[in-house]
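Take a look at the protein below. What does the model hold, from its overall make-up down to single residues?

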Amino acid sequence: MNKNNNSAGATHDDLLKEQTRRLFASLPVMNMLEPACALVIVWLYWNASTPHLELLTCGTLIFGMAFTRAVVALLFRHLAPDMQRTDGWRWIATLLVWISGAIMGLVAVYLNPTALMFAPALMPYQALFAGLMLSLSVVAISCYSIFLPAAIGYLLAMSAPVAIHIAISGDDGPIFGAVFACVSLFMMLAAVSMHRGAIQTLRLQHKNISLIDYLDRARGDAEALNEKLTREIFERKQAKQNLQEANDRLESIVQERTRMLESANGELSAASQRLQLALDASNIGLWDWNLLTGDTYHSNFDRMLGYGRDRFSNFVVDMEQMVHSDDWPKIKRAMVAHFKGRTSRYHAMYRIRHANGDWRWIEDEGRVVEWNKENRASRMIGTRRDITDDKLSEDQLRLSATVFENASEGILIMDTNFHFLTVNDCFTRITGFSEEDVRGKTIASASHSSSTNTDLYSEIANTVRREGFWEGEMSERRKNGEPYPIWLQLSAVYDDEGKITHYVGMFSDLTSRKEAEEKLQFLSNYDRLTGLANRTMFREKLHKSLALARLNRERVALVCLDLDRFRQINDSLGHEIGDMLLRTAAERLRALDIEEGALARVGGDEFNLIVDNYRNSADVESVCLEIINAMKKPFNINGHELLLGASIGISVFPDNGKEAQALINQADLAVHQAKRLGGNNVQFFRSDMRVASVEQLALETSLRKAIFKNEFVVHYQPKVDLITGRINGAEALVRWQHPTMGLLPPKDFIPLAEESGLISAISEWVLERACRQAALWMEQGDEVQVSVNLSAQQFRKGDITSIVERVLDLTGLPPRLLELELTESLIMEDLDKNIDVLRQLRERGIGLSLDDFGTGYSSLSYLKRFPVDTLKIDRSFVEDMHTNSDDAAITQAIIDMAHSLKMKVVAEGVEEEAQLGLLRRMGCDAIQGYYISRPIPDIDFYKLFKTRKAAVG
């Protein structure tokens with residue numbers, strides 16, 4: 001039944017494959033007829049009212065479809081000879097046939113518009129066109145009838161558009177449309193009839209082919225069976241003859257072996273008795289294992305393991321139950337290796353449980369003595385011996401040897417006369433003397449310290465002879481003469497009679513411990529990174545200085561130094577660069593005329609200096625200025641050119657305070673004041689700084705709340721294009737609408753925001769608000785590019801690209817209407833990384849502007865690497881350029897250089913018409929400043945934008 005089902009399934013698959021093959025075989029006929037019809041149609045309508053280009057387009061579509069079918073047919077012949085994916089290829093061909101029909105129908109509709117249907121002048125062409133389509137339909141039915149969906153689909157795709165088109169054309173259109181539809185229906189019925197005939201013919205053909213194949217296979221099977229029977233008859237005759245010969249030989253061998261066994265029986269019985277006696281005397285167990293039945297014979301196991309003979313019945317089962325779980329795999333591996341011929345005998349050592357619950361070590365040896373016909377082991381004999389005592393002794397010796405060789409202390413063994421017998425490897429590593437160097441010698445003769453330790457050696461020898469033990473610290477010399485301290489323990493070894501047989505000594509090298517103690521002492525008082533005094537030693541020094549000052553009625557100045565910009569560099573370039581920078585800064589401080597003992601590093605980037613016998617502020621200020629100048633010079637660290645600054649605060653004893661902690665707190669307040677003033681300056685403590693510090697803390701608290709209370713506002717300062725005179729952009733500048741202090745400019749809170757870490761949140765808020773406002777202006781029909789300043793903290797976090805992307809997606813602002821402003825110093829913090837970030841922003845379509853150009857510290861050679869679009873000339877060059885020729889020359893050079901690099905130039909701080917005129921003559925692209933407008937709210941800016949737009953047209 002299954003065979004019939006398989007045959008039926010195979011026949012069905014063959015029919016589908018043949019159907020697909022014939023469908024593809026019919027394509028070339030239509031591939032020739034349809035292009036021929038296309039040529040006739042083009043010829044017919046060439047002189048009609050149809051434009052030639054449209055007529056050629058229709059012809060090209062028909063030719064293109066024919067070419068596509070030809071390519072698919074070619075792929076079918078070359079890529080699918082085995083016809084494994086019949087359905088896929090068949091439906092691809094069917095889809096192409098439908099598309100061809102649809103194209104022909106649509107061409108007919110397009111070339112015969114409704115207005116011209118049944119026009120007398122076009123009736124001959126339309127009649128001939130209809131005849132062509134009817135003929136083509138008849139041929140298509142004949143070609144595609146092998147697969148009914150292809151034929152029906154072709155007729156429907158071609159006739160449906162035409163029938164509908166005719167039906168809606170003129171008064172007689174419905175009649176002609178109905179007639180055309182009836183003709184198409186009759187042709188479909190003809191296609192169905194032709195399809196049935198083709199399928200029946202195809203099935204009959206495949207049935208005949210299958211019958212012929214079946215007869216051929218049956219004849220081949222009959223011939224093979226006949227040959228097999230003939231060969232089997234011959235083999236049976238040959239086997240019968242061989243069996244008779246073997247039977248005769250076996251009878252003669254059995255008779256001979258019987259006689260031999262009878263004579264050897266007596267000898268074997270005697271040998272067995274002797275063997276049993278020998279096994280009993282040697283405490284060795286004998287085992288005999290039948291691998292076929294599992295039966296096992298054991299001897300002496302009652303004495304060896306405490307079990308009776310009835311305890312053992314099956315070799316494998318008994319062993320697996322009694323042997324230690326860690327050792328059973330080793331036994332199996334040893335047996336398998338012997339069974340497979342990899343070893344000449346079976347040997348294994350393992351632990352087995354004694355009847356009393358203890359584990360005993362057993363050594364097994366044996367070999368296979370019988371093999372079956374399949375050449376597999378059938379019998380195995382061996383011996384079993386208890387090696388527990390030997391194993392314990394061996395383990396003890398191995399453990400002792402391991403301890404001796406791997407001990408972390410030097411070990412030496414001497415005879416009763418204190419001559420070396422042996423030493424371990426650690427002895428050699430510590431002293432440099434090998435075992436050959438000291439064997440047979442005394443400590444005094446082998447050591448370089450004999451002249452200094454002779455009396456000590458005698459004392460040690462007398463003590464250990466008398467008391468059996470000595471320990472203590474002493475100094476020795478290595479083989480190279482280097483002295484080193486050791487801790488020695490020497491013990492006497494006694495025999496059973498209480499006599500000394502050996503001396504064993506153990507010693508450890510105290511060098512590392514001594515060095516660690518010295519290092520710990522150093523680390524507890526000195527900074528490991530810079531080598532300067534640390535906070536602990538500084539406080540001790542300060543207390544001593546204050547005590548002497550009280551005694552001598554002198555004054556002491558405490559100088560606190562904080563490195564500006566160090567934290568940003570450390571966060572962006574990593575702690576390794578930061579540590580190198582701190583070491584270099586400490587070296588520069590040492591190079592100044594400062595007493596090193598008075599200088600200390602008390603924190604990450606904080607240094608303190610104690611000035612004893614302080615007389616006047618001028619002396620201390622001169623030292624502080626030297627420190628600031630030293631810190632302002634560029635630092636070259638691992639290819640990075642880095643700039644630091646120094647903010648210095650000073651408090652004086654007893655003027656400002658009389659206790660050490662009070663002086664430290666006051667100097668810290670002075671440092672914070674120096675930082676608020678921009679860094680790189682010196683501030684003496686004043687009493688009002690404490691009040692200012694409290695106010696600063698309150699302002700910081702209000703600043704944190706301002707973010708959530710939405711107290712920030714954005715003002716916009718316009719940028720004017722000097723060529724068109726129109727406002728082409730605006731810089732977004734944040735203001736703080738404080739509830740009690742009024743509108744605060746950036747200088748009053750931005751430094752505090754940077755110091756407290758709030759600048760990133762504020763900058764992100766400004767970015768989103770400015771983009772949202774620019775998007776609103778764009779909706780009102782005006783495009784204004786807004787410029788937003790980026791903070792250094794945003795760049796250091798490394799997520800500026802994702803922030804900008806999110807804001808643009810949120811507000812819907814096109815990237816071209818956003819410009820980001822950044823400074824040279826920001827880019828230079830991590831040049832390569834920041835340039836990659838800027839490239840990503842620029843590739844997104846966002847404008848980039850380099851702010852305050854000319855005031856940074858980067859080399860002009862870096863400028864060509866910066867992927868920026870605009871340079872903004874700092875106001876310091878613009879404000880005096882009409883009166884200062886140097887500023888004018890610098891401004892002209894910046895403009896020319898920027899233009900040569902294909903960058904635009906914006907001048908900041910333009911406040912006078914003379915400045916405007918000079919910048920226009922220099923070729924500056926745009927200006928920004930109070931001459932145009934101060935930063936103003938968005939409503940006022942938009943009014944100004946509209947007014948200026950209307951004024952300049």
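Predicted model: local features only at pLDDT ≥ 70, side-chain atom pairs only at ≥ 80, totals over all residues.

Residues are numbered from 1 along each chain as its sequence is written, and side-chain values use heavy atoms, with hydrogens and water left out.

**Overall make-up**

The protein has 31 helices and 26 strands. Both are DSSP runs numbered from the N terminus: helices are H or I with at least four residues, strands are E with at least two. Of the 953 residues, 41% are buried. Buried means under 20% relative accessible area, exposed means over 50%, and partly exposed lies in between (1.4 Å probe, protein chains only). The accessible surface comes to about 52,100 Å². Carbon and sulfur atoms hold 55% of that surface. These areas come from the Shrake-Rupley method with a 1.4 Å probe; for residues, only the protein chains shown count as cover. Among contacts between residues at least 6 apart in sequence, 62% join residues at least 24 apart. A contact means heavy atoms within 4.5 Å.

**A sheet and its helix**

Five strands form an open sheet in the order β2-β1-β5-β4-β3, with antiparallel pairing. Two strands pair if DSSP finds at least two bridges between them. The edges are β2 (296-298) and β3 (346-353), each pairing on one side only. On average, neighbouring strands of this sheet are turned by 25° against each other, direction ignored. β3 pairs with β4 (residues 359-371) over 8 bridges, in the antiparallel sense. Arg 353 has Trp 359 in β4 as its bridge partner. Helix α9 (residues 328-339) lies across β1, β3, β4 and β5, running at about 160° to β3. Axes are lines fitted to C-alpha atoms, for helices over the stretch in contact; angles run from 0 to 180 degrees between N-to-C directions.

Helix α20 (residues 660-676) has 17 residues and reaches 25 Å between its first and last C-alpha, close to the expected 24 Å. Its buried residues include Ala 660, Leu 663, Ile 664, Ala 667, Ala 670, Val 671 and Ala 674. An α-helix has 3.6 residues a turn, so residues three or four places apart point the same way. In helix α23 (residues 759-779), the end C-alpha atoms are 30 Å apart, which agrees with the 30 Å that its 21 residues should span. The expected span is 1.5 Å times one less than the number of residues.

**A buried asparagine**

Asn 424 sits in the loop between β7 (420-423) and α11 (425-431). Is Asn 424 buried or exposed? Asn 424 is buried, at a relative accessible area of 1%. Its side chain reaches the backbone oxygen of Glu 409 at 3.2 Å. Beyond its neighbours within four places in sequence, Asn 424 contacts residues including Phe 404, Ala 407 and Ile 411.

**Backbone angles**

Most residues other than glycine have a negative phi, and most peptide bonds are trans. The peptide bond from Phe 653 to Pro 654 is cis, with omega near 0°. Pro 654 lies in the loop between β16 (645-653) and α20.

| Residue | Phi |
|---|---|
| Phe 418 | near 65° |
| Asn 680 | about 55° |
| Gly 678 | near 105° |
| Gly 781 | near 100° |

Phe 418 lies between β6 (410-414) and β7, and counts as buried at 10% relative accessibility. Asn 680 is in the loop between α20 and β17 (681-684), and counts as partly exposed at 33%.

Terms used:
Polar contact = N/O pair within 3.5 Å; in protein donor to acceptor, adjacent residues only side chain to side chain.
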